[in-house]
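This briefing is meant to be read beside the sequence and the coordinates. Please keep both in view while going through the points below.

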Amino acid sequence: MDNSTAATAPGTGVAAGSPLEQFVILAKNAKGAAAVELIKQVLEASGVYVFGELLDMPNIKELEGNPASAPYFHLLQLFAFGTYKEFINKEVGKLAELSPLMLRKLRMLSVVSLAETEKLIPYSTLQAELGLETVREVEDLIIEGISSGIMNGKLDQKNSRFEVDFVIGRDIKQSDFPGIMGVLNSWCATCDSMLSSIESQVEKLNEDKAIKTQQKADLESKIAELKQTVKLSSGGDTEDPDSRMDAERSDRRDKKGKGKTGRGVAVGSKSGFWPK
């Protein structure tokens, strides 16, 4: 659940409208047996999959000090942080008994915990971790979890595995915060290193661009100097060589044409005298 932008109910620390909100409000006045009954209700309630705020309520914390109510407090802790396998391995009497609804919810939460480290979970692993005998039971549980909105993914029957796309975030133990902070600090250090590397590359690219720009300017300057030198060496004649060649060809054609006309007149004059 994302509480970063949601308003919180006054005095609860729970997002307003959250399924847990009503239970946290009730916990303010519930003591002893009433608090135990409240825990039973919240563990069976649909839509409630996080319990940290309830665990922080003073009246709920008091249950741990009473041998009769302590198993329910520990059961609430298990639903907040633990898994079905931990429930099975717990010492007898340490935890209260589970109703069928509680057992199903704990198994779905256990799938969420598995998905935090594995994105392709074999059915065999799910059967072992959840205490289910058949693949059909595994698939039915996952389908219910997807319908409840606490997970999403694909049932790959061909490869007998659950392909995880999304799971909700579970409650975080106080003891887990140092590890989380270490991961975040490491991530920040990696980001700083990448940013520094990018800045260095940008600086180098800018330097290369400046060098190439200067080289281009130098080349253009040399070309201009060479053109000027050629003009000076030809006595200041700025006429284009191709134009000069065209003019010379035109002159030659004109001269040739005049020569032909002269010869025609001479012949005509000569033939104009007839013998008498």
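Within helix α10 (residues 177-233) of this predicted model, Lys-204 and Asp-208 sit four residues apart, about one turn of the helix. Their side chains meet in a salt bridge with an N to O distance of 3.3 Å, and Asp-208, at 30% relative accessibility, counts as partly exposed. Elsewhere, salt bridges that share partners join Asp-156, Arg-161 and Glu-163 into one network.

**Salt bridges**

- A search of the whole structure finds seven salt bridges, and one of them is formed by the side chains of Lys-31 and Glu-62, at 3.5 Å from N to O.
- Because Lys-31 belongs to the loop between α1 (21-27) and α2 (33-44), while Glu-62 belongs to the loop between α4 (58-61) and α5 (70-81), the pair ties together parts that are 31 residues apart in sequence.
- Lys-31 is partly exposed, with a relative accessible area of 48%, and Glu-62 likewise counts as partly exposed, at 48% relative accessibility.
- The side chains of Asp-156 and Arg-161 also meet in a salt bridge, with 3.4 Å between N and O.
- In that pair, Asp-156 is buried at a relative accessible area of 9%, whereas Arg-161 is partly exposed at 26%; the cut-off for buried is under 20% relative accessible area.

- Which residues of helix α8 (residues 123-130) are buried? They are Tyr-123, Leu-126, Gln-127 and Leu-130, and because they cover an arc of only 100 degrees around the axis, they lie on the same side of α8.
- The face of α8 that is turned away from this buried side carries the exposed residues Ser-124 and Ala-128.
- The buried residues of α8 pack against both helices and strands, namely α6 (84-89), α7 (100-115), β1 (120-122), α9 (135-148), β2 (151-156) and β3 (161-167).
- Directly after α8 comes Gly-131, whose phi is positive, near 70 degrees.
- Arg-136 is found in helix α9, and it is exposed, with a relative accessible area of 58%.
- Between Arg-136 and Tyr-123, which are 13 residues apart in sequence, the C-alpha to C-alpha distance is 9.8 Å.

**Helix α5**

- Helix α5 has twelve residues and reaches 16 Å from its first C-alpha to its last, which is close to the 16 Å expected at 1.5 Å a residue.
- Nine of the twelve residues of α5 are buried, and the helix is accordingly described as mostly covered.
- The buried residues of α5 are Ala-70, Pro-71, Phe-73, His-74, Leu-75, Leu-76, Leu-78, Phe-79 and Ala-80.
- These buried residues of α5 pack against α2, α3 (52-55), α4, α6 and α7.

**Nonpolar surface**

- Ile-172, Phe-177, Ile-180, Met-181 and Leu-184 form a nonpolar patch on the surface, and together they have about 420 Å² of accessible area.

**The chain as a whole**

- The protein chain contains eleven helices and three strands, and, read along the sequence, these follow the pattern α-α-α-α-α-α-α-β-α-α-β-β-α-α.
- Of the 276 residues of the protein chain, 29% count as buried, and the chain exposes about 18400 Å², of which carbon and sulfur atoms supply 56%.
- Among the contacts in the protein chain with a separation of 6 or more, 52% are accounted for by residues 24 or more positions apart.

Note on methods. Residues numbered from 1 in each chain as written. Predicted model: local features only at pLDDT ≥ 70, side-chain atom pairs only at ≥ 80, totals over all residues. Heavy atoms only, no water. Salt bridge = Lys/Arg side-chain N within 4 Å of Asp/Glu carboxyl O. Helix = DSSP H or I, 4+ residues; strand = E, 2+ residues; numbered from the N terminus. Buried < 20%, exposed > 50% of the residue type's maximum accessible area, 1.4 Å probe, protein only. Arc of directions from axis to C-beta. Contact = heavy atoms within 4.5 Å. Patch = residues over 30% accessible without salt bridge, like charges linked within 9 Å, V, L, I, M, F, W, Y side chains within 5 Å. Areas by Shrake-Rupley, 256 points an atom, 1.4 Å probe, with all protein chains shown as cover. Expected span 1.5 Å × (residues − 1).
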